[in-house]
Each structure stands twice: as structure tokens, then as C-alpha cells.
Amino acid sequence: MRLRSLVAAAAVTALGISLAACGGSDSGDSSDGGSGGDQTLTYWASNQGTSLDNDKEVLTPVLQKFTQDTGIKVNLEVIGWNDLQTRIQTAITSGQAPDVVNIGNTWAASLQATDAFLPFDGDAMTAIGGKDKFVPTALATGGKEGTDPTSVPLYGLAYGLYYNKAMFAAAGLQPPKTWEEMVTDAQKLTNPAKKQWGMALAAGSYTENVHFAFINAAQNKADWFNSDGKPTFTGDGNVQGVLRYLDLMQKDKVANPSNAQYDNGTKSVNDFATKKVAMVINQNNADSSIVANGMKAGEYGVVPFPAPAGGEQVASHVAGINLSVFKNTKHKDAALKFVKYMTDATTQTTLGKPFSSLPVLKDAKPVFTTDATEAATFADVYNTKSKPLPLVPAEDQFESTVGKAMNSMFAKIATGGTVTADDVKAALKTAEDQVAASS
């Protein structure tokens with residue numbers, strides 16, 4: 001999920017954004033488990049489909065079914081990712097909030113620290129069907145470790161390594177199982193004279209860059225924060241993980257230096273889809289973009305993003321969307337019924353295909369693709385090879401400072417400069433000091 005600093009978001013409160021009020025204008029909550037009376041919930045959904053209108057088309061019949069089943073109406077507003085975090089922060093500071101809201105799951109700990117959201121404690125968790133229905137790694141994104149979560153998983157996403165089957169076959173290569181194999185394959189498939197590259201990177205996107213800083217460090221068994229929530233950015237595992245990723249452009253020379261200008265993942269995916277590159281690392285919702293750009297589903301395969309030989313088998317962070325209830329809702333029981341409905345097996349299956357998401361429920365099967373092998377690969381990565389981003393209030397600052405530092409280092413490499421391990425450590429020290437000073 002694309003983050004902007006919560007601090008920056010708070011600063012725009014004065015802009016006077018018009019917000020839908022919490023559903024407090026309706027009658028009091030029914031607690032007898034009945035029809036819900038004339039209650040109306042306000043729900044802010046994130047943009048998951050091809051457009052805001054597409055989201056409304058997908059969600060409207062799903063919400064109508066909920067109303068038919070419970071008598072509880074739902075006032076839907078779909079908000080784009082460029083605005084969602086600002087809207088949430090403004091709702092927190094103004095007290096005028098929706099009842100239920102989608103959040104990027106990497107925001108969970110930062111939002112939890114505002115104390116504006118309902119904890120899913122024993123009773124609340126039971127009301128939505130219990131914690132045991134969720135994939136454990138997905139539920140772990142719900143808030144700070146050791147606390148009652150203030151969000152629960154709704155849509156799952158994970159990274160995979162997409163590869164061009166024809167290019168691999170022509171070069172006599174098999175899909176890589178280790179980082180070293182991936183680099184070797186990419187080098188064999190790189191021919192700058194023919195404008196052919198082994199890999200494409202979103203090297204100008206701070207959010208993509210920080211995701212790979214996190215994943216590569218996790219493969220080195222390194223952490224970005226200690227048990228007290230203090231930043232530990234300059235540890236050797238973090239430094240070497242970042243350098244390993246930078247070296248795809250610098251030392252290994254398998255990525256076009258122009259990738260330093262790619263400020264979002266779509267641009268690197270498009271290079272893969274148009275067969276300019278042999279591999280790209282992206283989340284499973286890249287499928288629709290790949291096919292839309294003319295590549296047939298059978299022309300690509302997916303394997304887990306590989307770790308170095310002997311490294312920790314972490315292939316992704318636990319990506320996706322969570323669902324939260326504002327603590328000041330006047331319709332707590334109705335809101336919990338809605339959360340239960342949105343996270344039940346039927347609704348998850350209904351929304352999984354149009355939103356290209358992975359199921360967040362145990363034993364549920366992915367429906368975003370008809371390729372059984374691809375579905376199984378992403379499900380395995382999400383369920384067993386993913387690690388949550390740091391579950392600390394300063395997570396958003398970690399993303400911003402480290403990600404932007406990597407943008408600058410990629411830009412230096414792209415213009416002929418050299419980035420050493422000492423350079424990486426110095427950049428991470430600056431980022432660490434910024435986070436520590438604001439904590």
C-alpha cells in the first residue's frame with residue numbers, strides 16, 4: 001500500500017476536506033442480533049479495481065446482499081490511494097469519521113497508536129468469526145505485536161518473480177530458486193545493445209524500494225527495529241540487503257539504468273509485458289496489467305522471489321488491505337456484523353477475482369487466476385514465506401526515509417556513480433536519526 005507520512009497527513013487537516021459523518025445520525029445500535037432496524041453504516045473503501053467507478057460496480061451488489069441479509073444499509077464511498085490516508089487522518093483529528101474503513105495494512109500500527117480505532121479484543125473478535133479463521137501472517141498485520149489488533153485482513157497480496165517462459169526456454173534456463181541463480185539468469189538474458197534486459201525495477205518508487213530493502217534484509221535475518229520499537233537501520237544485515245538490491249543495477253548490470261526514473265511498479269510491469277525484460281518482481285495483482293499490455297497468460301510463469309543460498313526464505317512482506325472500525329461509531333454491533341460479512345468465505349471469493357486479491361482466510365483457494373500453478377505459488381508465498389513490515393508506530397517514517405534514500409542511491413548509480421556499503425550505511429544512519437528524532 002502506498003504510504004505518506006501520518007505527520008504530513010495531519011498537516012492537511014486545515015484544508016477542510018468534506019467528510020461523510022459517522023453514522024451517528026441514525027438510530028441507536030441494535031444488540032439483539034435482529035435485522036438492524038434503520039441503521040446506516042458509512043464505509044470508506046480503498047480503490048482496488050481499475051477505477052473508482054469499477055470499485056462501486058463490484059461492491060454495490062455485495063453491499064446490497066448484506067443489507068438484504070441484515071437490514072443494515074451501507075453508505076459507500078470509494079477513495080483513491082492518493083487521498084485515503086489523508087482522509088483517515090483528517091477523520092481522526094476532526095472526530096467526523098466513517099464507521100468502517102479500509103486501510104493499507106502497513107499503516108496498521110501507526111493508526112493504532114492514534115487510539116481512534118476499535119480493538120478487536122476477545123468479544124469483538126468473536127463477533128466477526130474468531131481469529132482462527134484468518135491466515136496467521138495476515139492477522140499479524142493488524143497492529144502492534146502483543147496487543148489486540150485494531151484492523152483485520154480483507155484482501156491479501158504478495159510478491160512473486162514473474163519470468164518470460166519463451167526467453168528462458170531459448171536460453172536453456174530453468175526458473176531460479178536462489179538469488180544467485182536469478183542474477184546469473186538475468187545476466188544471460190541481458191543484451192543492452194538489443195535493448196534487452198534481464199530484469200526491470202521500480203527503482204524510482206520509494207515504496208517499492210523500501211519493500212525490497214525489508215525483504216532482502218529479512219532474508220539476511222535482520223530487523224529494522226528492536227524490541228523496544230527503536231530503529232536499528234544500520235545493522236550489517238540491513239546494509240548488505242539494500243546493497244544486494246542496488247547491485248542488480250550497479251554490479252550485476254541486469255537492469256536498465258533508466259529504471260531509476262520508474263516511480264511506480266506499473267512501469268516495470270509494462271516492460272515485462274511488452275517483452276523488453278525477462279523478469280520482474282511484482283505483486284499478484286500485476287496479472288491484469290500484464291495481460292492488458294498484450295502478453296498472454298500462458299507466456300509467463302511465477303516463482304517465489306528467491307533468497308540467497310542459505311538465507312531466510314522470506315519472499316514478500318505481507319501485503320494487502322485491512323478493515324478497521326472507528327471507535328466512535330454509534331453502531332458498533334452493526335459495524336462488526338459488516339466486518340464479519342466482508343471477511344466470510346463467500347464474500348472473499350466474490351471479491352477475490354475482480355480485485356485480484358489473495359484470500360486472507362485459512363484453507364481458502366485463490367480465484368484471481370485460472371492458472372493453478374500460479375495461484376498455488378502466490379498462496380504459498382503469502383501463507384508461509386511472508387513477513388509483516390515492522391509493526392511499530394514509526395513504520396510510515398521507515399518507509400519514507402529508507403525508501404527515498406534508496407531512490408537517491410539508484411539515481412547516483414544510474415548517472416555513473418558508485419554506491420558502496422559505507423555509502424549505504426551512511427544513508428541508513430541519516431534515515432535512522434530522522435526516525436529516532438521524531439519518535
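Strands E5 and E7 (residues 277–283) pair in the antiparallel sense over five bridges. Strands are DSSP runs of at least two residues (E), helices are runs of at least four (H or I), and both are numbered from the N terminus. Two strands count as paired if DSSP finds at least two bridges between them. The model is predicted: local features need pLDDT of at least 70, side-chain atom pairs count only at pLDDT 80 or more, and totals for chains, interfaces and linings use all residues. Residues are numbered from 1 along each chain as its sequence is written, and side-chain values use heavy atoms, with hydrogens and water left out.

E5 spans residues 159–164, and six of its six residues are buried, so the strand is largely enclosed by the rest of the structure. Buried means under 20% relative accessible area, exposed means over 50%, and partly exposed lies in between (1.4 Å probe, protein chains only). Both faces of E5 are covered. Tyr159, Leu161 and Tyr163 are buried on one side; Gly160, Tyr162 and Asn164 are buried on the other.

The structure holds 21 aromatic pairs. Rings of Phe, Tyr and Trp (its six-membered ring) pair if their centres lie within 6.5 Å; planes under 30 degrees apart count as stacked, over 60 as edge-to-face, and the rest as tilted. Tyr155 and Phe355 form an edge-to-face pair, at 5.5 Å centre to centre and 75° between the planes. This pair links distant parts of the chain, 200 residues apart. Tyr155 belongs to strand E4 (residues 152–157), whereas Phe355 lies in the loop between helix H14 (345–352) and helix H15 (372–384). Tyr155 is buried at 3% relative accessibility, and Phe355 is buried at 3%.

The pair of Phe225 and Phe398 is also edge-to-face, because the ring centres are 6.0 Å apart and the planes stand at 80°. The two residues are 173 apart in the chain. Phe225 sits in the loop between helix H9 (206–219) and helix H10 (236–246), and Phe398 in helix H16 (residues 395–414). Phe225 is buried at 10% relative accessible area; Phe398 is buried at 0%.

One aromatic cluster comprises Tyr159, Trp179, Phe212, Tyr245, Phe305 and Phe410. The charged end of Arg244 sits over the ring of Trp179, 5.3 Å from its centre. A charge counts as over a ring if NZ of Lys or CZ of Arg is within 6 Å of the ring centre and within 35 degrees of the ring normal. Arg87 lies over the face of Trp44, at 4.7 Å from the ring centre.
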